[in-house]
Amino acid sequence: MSNRILQYEFENYILLPSERLLLQNGQSIPLKSKVFETLLTLVVHHGQLLTKEELMEKIWCESFVEEGNLTQNIFILRKIFGENPRDHRFIVTVPGQGYSFVAKVREVSETNNRILISENGHSSNGHIKSLAILPLKFLLLRESADKEHLGLAIADSLITHLSTNHSVSIRPTEAVLKYAETEKDAITIGRELDVDTVLSGTIQSSGEKVRANIQLHDVKNGDLLWANRFEVQTGDLFDLQDQISDQAALALATKIIKDPAVQKTLKDSEIYQTYLKYRFFWETRTEQGLLTSLEGAQKIVAAEPNFPLGYIGIADSYLLLGHHLYLAPNKIYPAIREAVSKALELDPNLAEAYATQADYCFITKDWLQAEKMHQLSIKLKPNYASERHWYGWFLTAMGRFDEALEQIEKAQSFDTNSLYLGVVRGVPLFYKRLFDQAIKQFQLVLEIDPNHNRARYYLALALFHSGQRVAGTAEFERVVAAEPLQQTMALLGYCYGMTGRHLEARALLGRINQIACRRYVSPYIRAYLHIGLGEKAEALTLLEEAYEENSLWLVWLNVDMQLQSLHDEPRFKKLLQKLNFPT
């Protein structure tokens with residue numbers, strides 16, 4: 001009977017003997033061979049005093065070395081652990097005798113392919129109420145580019161499998177996506193996501209083999225509840241995903257119900273990994289990220305025409321390319337319509353498709369159909385964060401600010417640590433003219449990420465319209481310096497014009513006109529500059545042009561604060577009548 005030690009765990013470190021690796025928070029720490037041997041020897045004999053002679057014999061065998069080599073190795077290990085000889089957290093020096101490894105060590109061993117935790121670890125019989133499954137970290141061995149998203153693919157597969165059991169609340173993929181590249185440890189992430197337990201792990205790729213090491217931890221006390229290691233050939237990645245799903249189910253003491261439709265849909269690992277990859281880039285909301293996500297989605301449908309989420313990937317990429325004014329309306333509407341239609345043809349009950357269709361109806365000004373599709377998507381998948389988020393934007397444009405705030409807060413409950421949703425939560429408050437609350441919300445995000453341009457964008461608007469025009473203009477100057485997009489430049493120009501800085505406003509108008517010679521610029525955006533300059537007739541002409549091209553941003557016409565000076569103009573009232581906003 002085999003009883004081989006797979007790994008040793010202490011604090012936020014994992015020591016893997018067979019791989020000769022030391023991991024901290026899933027990240028590999030490079031160690032020279034004899035330094036690793038020194039650490040392994042100490043950890044294997046944890047709690048015991050090893051004399052210097054015993055250590056040197058075990059590490060260097062019969063080779064003659066000086067005692068200074070051992071002292072140097074101990075010094076390097078202490079430096080790695082961030083301790084000095086008086087800390088006594090990891091390595092204790094017994095003067096004149098030797099060393100002892102005193103940190104609490106959990107031994108994970110394998111008996112007939114079953115995982116056992118040694119008696120100084122423990123397993124939990126308590127009921128697990130909530131779980132976060134984190135993207136697995138890839139260790140830098142000889143992995144190839146085609147496997148770089150496997151860790152996220154495994155996490156998403158686990159979430160799909162385990163979410164069928166409603167006795168345990170599983171955080172959705174959207175909530176954990178942001179942690180794919182984080183340096184935070186699993187316990188810290190678990191606390192941020194407000195869960196009882198967190199599943200994390202690492203992946204190694206060497207030649208034709210892929211190996212995954214998985215751990216389930218109690219978030220409250222950091223204890224290891226379960227661990228396992230899996231190894232498969234690279235051509236059998238879904239076997240790896242299934243093994244992990246099954247073992248995780250045992251740890252949770254719940255039954256996994258595998259969805260045959262999901263298994264059928266995800267039959268090609270390369271296609272599914274491309275899908276996850278495009279979604280990751282889509283979340284960046286930058287022009288390059290969105291174009292990359294579009295390319296990835298197009299690859300999916302070319303390789304697997306019967307994969308409905310591939311078409312949603314295409315549609316969602318075009319949606320955000322339109323919302324952020326990277327493409328003209330006539331470039332996105334037909335593509336969105338075609339992609340959503342194909343997705344629903346393949347899966348008439350796909351919640352993601354109805355969410356996308358709802359946003360398409362919104363930007364094409366079919367208000368009643370947009371709300372109908374939003375409600376249908378929520379009915380099919382109540383915890384889809386993007387749906388709640390988009391519904392919040394729709395309700396804001398309709399002037400239903402309290403309902404919008406409710407939907408955005410529900411989206412936050414499904415994606416608890418999204419900074420972007422933290423920004424969006426302030427938008428209905430801004431439109432309700434609760435400026436102090438909105439400013440506080442945007443500043444809260446900026447305290448976490450001072451470089452969050454979208455938070456600073458809305459902070460600038462809220463400050464300016466609250467009467468703090470100098471502060472608002474200064475914030476817009478910072479936004480434009482970091483992200484000189486047409487909308488940020490136009491709003492800075494609006495602020496300049498409204499505060500009498502007409503020369504600077506016209507300079508920005510000239511820059512935007514130059515951009516318009518190279519790429520799409522929205523007439524709705526250009527109207528801001530003319531409003532700031534007091535040129536109402538020119539602004540109204542541009543808004544009428546926006547109506548003729550069916551501009552996406554016309555959805556804001558009824559609530560847009562920059563347009564207040566036009567509200568009594570007959571041409572503006574006529575535009576509102578044409579758009580037929582619900583009362």
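Me: Before we look at anything, what makes two rings a pair here?
Reply: Rings of Phe, Tyr and Trp pair if their centres lie within 6.5 Å, and for Trp the six-membered ring is used. Keep in mind that this is a predicted model.

Me: Good. Which residues do ring pairs link into a cluster?
Reply: The cluster holds Phe-362, Trp-367, Tyr-391, Trp-393, Phe-394, Phe-401, Phe-430, Tyr-431, Phe-435, Trp-556 and Phe-581.

Me: And how many aromatic pairs are there in the whole structure?
Reply: The search finds 26 aromatic pairs. One of them is Tyr-524 with Tyr-528.

Me: How do the rings of Tyr-524 and Tyr-528 sit, and how far is it centre to centre?
Reply: They are edge-to-face, with 80° between the planes and 5.7 Å from centre to centre.

Me: Where do Tyr-524 and Tyr-528 lie?
Reply: Both are in helix α23, which covers residues 523-532. They are four residues apart, about one turn of the helix.

Me: Are those two tyrosines buried or exposed?
Reply: Tyr-524 and Tyr-528 are both buried. Helix α23 also contains His-530.

Me: Oh, is His-530 buried or exposed?
Reply: His-530 has a relative accessible area of 14%, so it is buried.

Me: What is it in contact with, leaving aside its neighbours in sequence?
Reply: Beyond four places in sequence, His-530 is in contact with Leu-509, Glu-535, Glu-538, Ala-539 and Leu-542.

Me: Let's step back. How many helices and strands are in the protein?
Reply: The protein has 25 helices and 15 strands. It has 583 residues, and 56% of them are buried.

Me: Now some helix packing. At what angle do α2 and α3 pack?
Reply: Helix α2 (residues 52-60) and helix α3 (residues 67-81) pack at about 90°, and their axes are 10 Å apart. That angle makes α2 roughly perpendicular to α3.

Me: Which residues make that contact?
Reply: From α2 they are Lys-52, Leu-55, Met-56, Ile-59 and Trp-60, while α3 brings Glu-67, Asn-69, Leu-70 and Asn-73. Sorted by type, the residues of this contact are five nonpolar, two polar and two charged.

Me: And how do α20 and α21 cross?
Reply: Helix α20 (residues 469-482) and helix α21 (residues 486-498) cross at roughly 150°, and their axes come within 9 Å. Angles over 145 degrees count as roughly antiparallel, so α20 and α21 are roughly antiparallel to each other. The crossing of α20 past α21 is left-handed.

Me: Which residues make the contact there?
Reply: Helix α20 supplies Arg-469, Thr-473, Phe-476, Glu-477, Val-479 and Val-480. Helix α21 supplies Thr-488, Met-489, Leu-491, Leu-492, Cys-495, Tyr-496 and Met-498. The residues of this contact divide into nine nonpolar, two polar and two charged.

Me: I saw Tyr-496 in that list. What does His-502 touch?
Reply: Tyr-496 is among its contacts, along with Gly-497, Gly-532 and Leu-533, again not counting residues up to four places away in sequence.

Me: Where is the place of His-502?
Reply: His-502 is in helix α22, residues 502-516. Its relative accessible area is 37%, so His-502 is partly exposed.

Me: Changing topic: what is the phi of Leu-325?
Reply: Phi of Leu-325 is near 65°, a positive value in a residue other than glycine. Leu-325 lies in the loop between α11 (308-323) and α12 (329-346). At 3% relative accessibility, Leu-325 counts as buried.

Me: And what about the phi of Lys-365?
Reply: Lys-365 is not a glycine either, and its phi is positive at about 70°. Lys-365 sits in the loop between α13 (351-363) and α14 (367-380). With a relative accessible area of 13%, Lys-365 is buried.

Me: Last one: where is Ala-343, and what does it touch?
Reply: Ala-343 is in helix α12. Not counting residues up to four places away in sequence, Ala-343 touches Pro-308, Tyr-311, Ile-312, Leu-350 and Ala-353. Ala-343 is buried, with a relative accessible area of 0%.

Definitions and conventions:
Residues are numbered from 1 along each chain as its sequence is written. This is a predicted model: local features need pLDDT of at least 70, side-chain atom pairs count only at pLDDT 80 or more; totals for chains, interfaces and linings use all residues. Side-chain values use heavy atoms; hydrogens and water are left out. Axes are lines fitted to C-alpha atoms, for helices over the stretch in contact, and angles run from 0 to 180 degrees between N-to-C directions. Helices (H or I, at least four residues) and strands (E, at least two) are DSSP runs, numbered from the N terminus. Angles under 35 degrees count as roughly parallel, over 145 as roughly antiparallel, 65 to 115 as roughly perpendicular and the rest as oblique. Contact means heavy atoms within 4.5 Å. Ala, Val, Leu, Ile, Met, Phe, Trp, Tyr, Cys and Pro count as nonpolar, Asp, Glu, Lys and Arg as charged, and the others, Gly among them, as polar. A crossing is left-handed if the near helix is turned anticlockwise from the far one by less than a right angle, and right-handed if clockwise. Rings of Phe, Tyr and Trp (its six-membered ring) pair if their centres lie within 6.5 Å; planes under 30 degrees apart count as stacked, over 60 as edge-to-face and the rest as tilted. Buried means under 20% relative accessible area, exposed over 50%, partly exposed in between (1.4 Å probe, protein chains only).
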